[in-house]
Number of protein chains: 2
Amino acid sequence: METTAPYVAKLEAEKSASVAQLLMQCARLWNGRGLAAMAARTGIPVREAHTRLFPHIDLAGTRATAIAERAGISKQAVGRLLEDLEGWDIVERLPDPADGRAQIVRWSAAGRRGLLEGLALLQAQEAEIRERLGAAELEALRRLLLDLREILRDTCDPV
Amino acid sequence: METTAPYVAKLEAEKSASVAQLLMQCARLWNGRGLAAMAARTGIPVREAHTRLFPHIDLAGTRATAIAERAGISKQAVGRLLEDLEGWDIVERLPDPADGRAQIVRWSAAGRRGLLEGLALLQAQEAEIRERLGAAELEALRRLLLDLREILRDTCDPV
DNA sequence: CCATTTCGTCAACACGGTTGACTGTCTGAG
DNA sequence: CTCAGACAGTCAACCGTGTTGACGAAATGG
């Protein structure tokens with residue numbers, strides 16, 4: 001395609017060098033891949049927003065508010081996502097016996113099964129990529145990303 | 001925080017090993033950093049959605065539809081973003097003399113200035129990160145991401 | 001006992017994307 | 001030359017994911 005903009009052409013040598021863009025592209029591709037595989041296997045249209053809740057739902061059950069805190073989003077947003085998960089029989093919401101205001105969010109039996117399947121699936125995908133990219137390379141990438149995250153965290157966000 | 005969910009603990013050894021998550025986190029941090037710097041310097045609340053248009057606006061001017069195609073989003077979405085950019089005097093929309101239906105989207109004088117400033121700013125940020133992470137490391141990261149993108153592209157998305 | 005905090009929900013909004021319907025212009029076949 | 005069809009851009013409606021603010025009900029502590 002000859003239609004590339006001039007200033008882009010100027011940057012062409014280092015165009016795909018925009019590490020920021022590469023990061024975003026890879027992240028989206030990898031993530032989308034996982035969700036697609038999940039949808040294909042289970043038929044449940046879990047979206048990325050739901051998956052970000054998963055690490056914060058304790059096997060013993062967790063309060064909705066606690067999930068919101070840990071996930072770093074508002075309890076209202078969590079509430080809506082939990083509605084979906086409950087509808088898909090991935091999660092149950094029980095009244096908290098210790099606090100009449102609160103709910104305990106718990107994995108359902110199906111949810112626990114799905115969770116394990118999902119984790120296995122993600123590991124399989126990572127293994128596939130490892131095979132193609134090379135084990136050493138993937139490990140190097142992981143290490144670089146960890147370092148990068150550290151740097152980005154304490155040089156830009158003052159939180 | 002002792003509240004980590006059990007299955008997360010199980011994965012703790014390789015927790016931050018979820019390369020997919022690391023990618024997303026780094027991408028968000030880096031990106032947010034750029035936008036924040038831009039907003040701080042110019043006061044213009046450019047958002048990520050706008051910036052994704054920039055590489056596709058040719059210095060000689062580009063049709064709105066062409067921008068949409070190149071950016072991979074609908075022309076309606078592009079139209080709304082261009083409204084913002086025009087309002088901020090970053091871009092001008094002129095009738096295309098060769099086609100009464102079409103518009104030519106062109107950088108305004110202020111837009112060209114801002115663009116150069118922005119590019120310089122991003123380069124400065126990348127330089128700062130290069131200094132912290134190491135030049136060789138950043139280059140290695142870039143190369144790995146390029147390879148990874150290639151792999152992700154032709155093993156998952158059949159488009 | 002009562003003021004205050006906390007839990008979860010409802011309602012409204014912002015943003016970034018979509019699709020469908022529409023107007024107006026261009027273009028090519030007859 | 002004309003006219004059917006393709007194309008450019010807009011308007012309106014919708015979805016998904018997040019946000020705030022207001023609220024009722026339950027818990028808590030002086």
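Helices and strands here are DSSP runs, a helix having at least four residues and a strand at least two, numbered from the N terminus. The model on your screen is a predicted one.

**Stop 1: chain A**

Select chain A and colour it by secondary structure. Seven helices and three strands make up the chain. Walk along from the N terminus: the order is α-α-α-β-α-α-β-β-α-α. The chain has 159 residues, and 22% of them count as buried. Now think about contacts between residues with a separation of 6 or more. In chain A, 37% of these link residues 24 or more positions apart.

**Stop 2: the strands of chain A**

Stay in chain A. Select strand E1, residues 62-63, and strand E3, residues 103-107. The two run antiparallel and are joined by two bridges. Pick out Arg63(A): opposite this residue, in E3(A), stands Ile104(A).

Which residue of E3(A) is the bridge partner of Arg93(A)? Click on Val105(A) to see the partner.

**Stop 3: the sheet of chain B**

Switch to chain B. Here an open sheet of three strands is ordered E1-E3-E2, with antiparallel pairing. Its edge strands are E1 (62-63) and E2 (91-95), each of which pairs on one side only.

Take E1(B) and E3(B) as one selection. They pair antiparallel over two bridges. Thr62(B) has Val105(B) of E3(B) opposite.

Then take E2(B) with E3(B), residues 103-107. This antiparallel pair has five bridges. Zoom in on Arg93(B), which faces Val105(B) in E3(B). Glu92(B) also has a bridge partner in E3(B), namely Arg106(B).

What does H5 of chain B lie across? The helix lies across E2 and E3 of chain B, and runs at about 110° to E2(B).

**Stop 4: where the chains meet**

Show both protein chains. Chain A puts 45 residues into the contact, and chain B puts in 45 residues. Select H1 (6-10), H2, H6 and H7 of chain A: each supplies at least two residues of the side that touches chain B. H7(A) has the largest share of that side, with 15 residues. Colour the chain A side by class.

**Stop 5: the core**

Go inside. The largest nonpolar core holds 32 residues. Leu23(A), Cys26(A), Leu23(B) and Cys26(B) have the most contacts inside this core.

Centre on Leu23(A). Set aside its neighbours within four places in sequence. Leu23(A) is then in contact with Leu23(B), Cys26(B), Ala27(B), Trp30(B) and Leu145(B).

**Stop 6: DNA strand C**

Which element gives the most? That is H5(A), with three residues. By class, this surface near DNA strand C has five nonpolar, seven polar and seven charged residues.

**Stop 7: DNA strand D**

Move to DNA strand D, which has 19 residues around it. Here Arg47(A), Ser74(A), Gly100(A), Thr65(B) and Gly79(B) come nearest. Highlight H3 (48-51) and H5 of chain A with H4 (64-71) and H5 of chain B, the elements that give two or more residues to the surface near DNA strand D. H5(B) has the largest share of this surface, three residues. How do the residues of the surface near DNA strand D divide by class? Five are nonpolar, seven polar and seven charged.

Key:
Residues are numbered from 1 along each chain as its sequence is written. Chains are lettered from A and ligands numbered from 1 in the order in which they are written. This is a predicted model: local features need pLDDT of at least 70, side-chain atom pairs count only at pLDDT 80 or more; totals for chains, interfaces and linings use all residues. A nonpolar core is a set of buried Ala, Val, Leu, Ile, Met, Phe, Trp, Tyr and Cys residues joined through C-beta atoms within 7 Å. A residue is buried if 20 or more other C-beta atoms lie within 10 Å of its own, exposed if 12 or fewer, and partly exposed in between; C-beta atoms are placed from the backbone. Two residues are in contact if their C-beta atoms, placed from the backbone, lie within 7 Å. Two strands pair if DSSP finds at least two bridges between them. Axes are lines fitted to C-alpha atoms, for helices over the stretch in contact, and angles run from 0 to 180 degrees between N-to-C directions. Ala, Val, Leu, Ile, Met, Phe, Trp, Tyr, Cys and Pro count as nonpolar, Asp, Glu, Lys and Arg as charged, and the others, Gly among them, as polar. A residue is near a molecule or strand if its C-beta atom, placed from the backbone, lies within 6 Å of it.
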